[in-house]
Structures are given as structure tokens and as C-alpha cells.
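Biologist: Could you put the model up on the screen, so that we can go through it together?

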Amino acid sequence: MKVVSFNIRCDFNQDGENNFCFRKSLILERIRREKAEILCFQEVLPHVAAWLKEALPEYYVIGCGRSETLEDEQTAIAYRRDRINLIEMETYWISETPYMPASRYPDQSICPRVCTEALFEDFSTKQVFRVANTHLDHEGAGARERGLRQVFEKLAQARLFPQAPVIITGDMNAEPDSREMAVIKEYPEYTNVTEHVGITYHGYRRAENPCCIDYIVTKGFTCEKVEKWEDEKEGVFLSDHYPVCAELKAV
């Protein structure tokens, strides 16, 4: 099973030759070639979510915006309708009040953050597994640390199929050796399969500092292969992040 974490870049028409309208064909080409079972997107604005649903008829796309009106960015999950069955899904906010829309931690930026969590069944193997897709804060290190711990604690409290394997994906806005990502070590049953993937944020190779901030973390899976999607055509990239793709097999 292929699983992808893909920060698709919020589309405000701000990226010149890398505006979303110029990246669409490249994105579709790679997705159609890979045929990943699960695609976890971050920074999905409402019109981009609508485009994903229209352009990817072989997938269902789930998620909602992070604002109080369920607009703005979402952490969408796309899953192949011929391979994967949805059992349960919810969105919650990364905050002390996770079921209050648009809530935030006190030391967070003005941007609310959400996690889209879903329980799936693989038709071909009958394996049930859980996916949590998130995008942690870009300013508050403390908010990132508490947010990541919140995701792990929420998963530990699962009542339906509590022993199911788990996949956590997302743009964590923190490097692998940071204090925030050290939270993973508190849960030794989990493995960061993208630990050695290298740079994932490249900023279209401009002056911004490149860094490794995109992750796939698993429990109950073996990872057979990890790669970055580094497609580039005449200066146009898939996004300002390299999507990361893992081929996973349930233990």
C-alpha cells in the first residue's frame, strides 16, 4: 500500500511560475502514475479541495476547513474508492478544546490547526488501519509539541478497532532532531519511516532555508520503500514541498 504526505501549497496566486494553476498537470501526472492508495494533503483551500474531487474521480476526498465556518485550509485525505473502504472519520482541532472549531493553543499563531483522522479497511487484504493527517503550527514550538502529543494521545484512546495499525502523516514544521519531534520517542511502538528522507521543504529552490518537515510515522507496518517526489518541469514543481511516499505492509 502506498501512502503519501503532500503539502500542496495554499493557493493565493502568490508563486509566479509555480502558481497552482501551472502545477496542476504535473500533480495529476504523478498521482495517476503512482496510484497510491492513500494521499494525505495539507494546505488544501476550498477551491483546491473541489479540484481534487473533480480531477481524481478514482478517489474519495474527505476533510473540512480549519476556520469556524469550516472554510480555509484543510488536511484532506484522498483514498482509492476501488481499494479502500471508509469506516469512520472525524476532524478535530489541535488545541485544548479539540471539538471547538477554530480553537488554538495560547502560544500558537493566528492559524487554527486541525487533524483529519479516519479508520479504513483495505478491501484486498481485509486489513483495518487508521490514518491521522495534520499540519502543526509554523510559529509556536510549544504548540507543535503539545499538538503532536495530542495526536498520539487521541490515537491511544481509540475505541473502535483500538489495535489497528496506524499511519500519521503531515507537515510538522519541525526538523527530526527538534524537541517537538522527540515526542515520537515517547511512543516506541511508532516508527518515523521518513527519518532519513532528507530535505522536504525547498521553497521552489529559492532563498528560503530548505528543511525536513514532512513526515510519515507508522505503528504496525513494515516500510518497504520511502521516496520523495522531486518532479520538476521547466522550473515548475509539484509544490514548495517534496511529497513523501512510503510503501507499507501491515505486520
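Biologist: How many salt bridges does a search of the whole structure find?
Modeller: The search finds 23 salt bridges, each one a side-chain nitrogen of Lys or Arg within 4 Å of a carboxyl oxygen of Asp or Glu. Please keep in mind that this is a predicted model, in which local features need pLDDT of at least 70 and side-chain atom pairs count only at pLDDT 80 or more, while totals for chains, interfaces and linings use all residues. Residues are numbered from 1 along each chain as its sequence is written, and side-chain values use heavy atoms, with hydrogens and water left out.

Biologist: OK, which residue does D107 pair with?
Modeller: D107 forms a salt bridge with R146, and their closest N and O atoms are 2.4 Å apart. D107 sits in the loop between β5 and β6, whereas R146 belongs to helix α3 (residues 141-156), so this pair ties together parts that are 39 residues apart in sequence. Helices (H or I, at least four residues) and strands (E, at least two) are DSSP runs, numbered from the N terminus.

Biologist: What about R130, where is its partner?
Modeller: The side chain of R130 meets that of E117 in a salt bridge, at 3.4 Å from N to O. R130 is in strand β7 (residues 128-135) and E117 in strand β6, so the pair links distant parts of the chain, 13 residues apart. R130 is buried, with a relative accessible area of 3%, and E117 counts as buried at 5%.

Biologist: Which residue does E186 meet?
Modeller: E186 meets R149 in a salt bridge of 2.5 Å, N to O. Because E186 lies in the loop between β8 (166-171) and β9 while R149 lies in helix α3, the pair ties together parts that are 37 residues apart in sequence. There is also one network, in which salt bridges that share partners join K2, E29, R30, R33, E34, E227 and D231.

Biologist: Changing topic, which residues lie nearest the centre of the largest pocket?
Modeller: They are E43, H138, D171, N173 and H241, out of 17 residues that line the largest pocket, whose volume is about 290 Å³. By class, the lining has 5 nonpolar, 5 polar and 7 charged residues. On a 1 Å grid over the protein atoms alone, a pocket is an open set of points with protein on both sides within 12 Å along at least five of seven lines, a cavity is a set where a 1.4 Å probe fits but cannot get out, and lining residues have an atom within 4 Å of a point.

Biologist: How many cavities of 30 Å³ or more does the search find?
Modeller: It finds 1 cavity of that kind, and about 40 Å³ of space lies in the largest cavity. The residues lining it are E43, R66, E73, Q74, T75, P112, R113, V114 and H135.

Biologist: One last thing, which value of phi does A102 have?
Modeller: A102 has a positive phi of about 75 degrees, although it is not a glycine. Most residues other than glycine have a negative phi. A102 lies in the loop between β5 and β6 (114-122), and at 22% relative accessibility A102 counts as partly exposed.

Definitions and conventions:
Points joined across faces, edges and corners; volume = space filled by probe spheres on them. Nonpolar A, V, L, I, M, F, W, Y, C, P; charged D, E, K, R; others polar. Buried < 20%, exposed > 50% of the residue type's maximum accessible area, 1.4 Å probe, protein only.
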